[in-house]
Amino acid sequence: MKNIILRYGIISSIILTLMGLINWFFIAKPLGYGASEVMGYLSMIIALSTVYFGVRYYKENDCNGIISFGQAFKVGMGISLIPSIVMFLYTAFFFKVWGEDFKLWAEEHFQATLTPEAFVEYQKQMEAMGPLMDNLAFQGGLMFATVLIIGLVVTLVVAFVLQTKEKSSRLA
């Protein structure tokens with residue numbers, strides 16, 4: 001089970017990291033904040049689709065086609081934990097390298113889309129959160145939690161769909 005969790009977790013992490021870089025360099029700036037946000041969540045869902053493939057592989061190859069909800073949940077969350085950790089590291093790295101560019105890009109977006117009064121309120125909120133916005137552990141922690149929560153939802157669905165009940169050998 002550990003090898004399956006590692007294999008599918010690493011695949012998920014690679015997908016998530018590559019899509020994050022593609023988003024920043026090719027989608028965010030030319031297409032804008034909304035497209036970037038959609039791409040971000042879409043990349044998490046696509047990357048976490050590996051949960052389904054990992055649980056199915058485990059069920060078919062290690063469990064003789066029979067898996068309980070609990071077993072499927074355990075494998076799925078194991079897989080989800082790996083890209084969550086990688087996303088923490090990626091986000092900390094991203095904000096270390098491109099954090100100022102990101103903040104300026106986001107500010108330009110909000111200045112262009114909010115009313116002047118709402119933009120002043122936005123700036124006040126950002127100033128109040130100043131230390132947190134520059135804290136790599138906080139930024140990484142937010143993304144860790146986001147990926148893990150989406151992974152939890154995906155895992156619950158996958159465990160429900162793939163669970164099997166042993167057929168009773170009794171005659172009905």
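Q: At 32% relative accessibility, does R56 count as buried, partly exposed or exposed?
A: This is a predicted model, in which local features need pLDDT of at least 70, side-chain atom pairs count only at pLDDT 80 or more, and totals for chains, interfaces and linings use all residues. Residues are numbered from 1 along each chain as its sequence is written, and side-chain values use heavy atoms, with hydrogens and water left out. Buried means under 20% relative accessible area and exposed over 50%, with partly exposed in between (1.4 Å probe, protein chains only). Because R56 has 32% relative accessibility, R56 counts as partly exposed.

Q: Which residue forms a salt bridge with R56?
A: A salt bridge places a side-chain nitrogen of Lys or Arg within 4 Å of a carboxyl oxygen of Asp or Glu. With the closest N and O atoms 3.9 Å apart, the partner is E60.

Q: How far apart are the closest N and O atoms of E100 and K103?
A: Both residues lie in helix α4, three residues apart, about one turn of the helix. E100 is exposed at 53% relative accessibility, whereas K103 is partly exposed at 25%. Their salt bridge has its closest N and O atoms at 3.1 Å.

Q: Which residues do salt bridges that share partners join into one network?
A: K103 also meets the side chain of D134 in a salt bridge of 2.3 Å, N to O. This pair links distant parts of the chain, with K103 in helix α4 and D134 in the loop between α6 and α7, 31 residues apart. Through shared partners, the network joins E100, K103 and D134.

Note on methods:
Helices (H or I, at least four residues) and strands (E, at least two) are DSSP runs, numbered from the N terminus.
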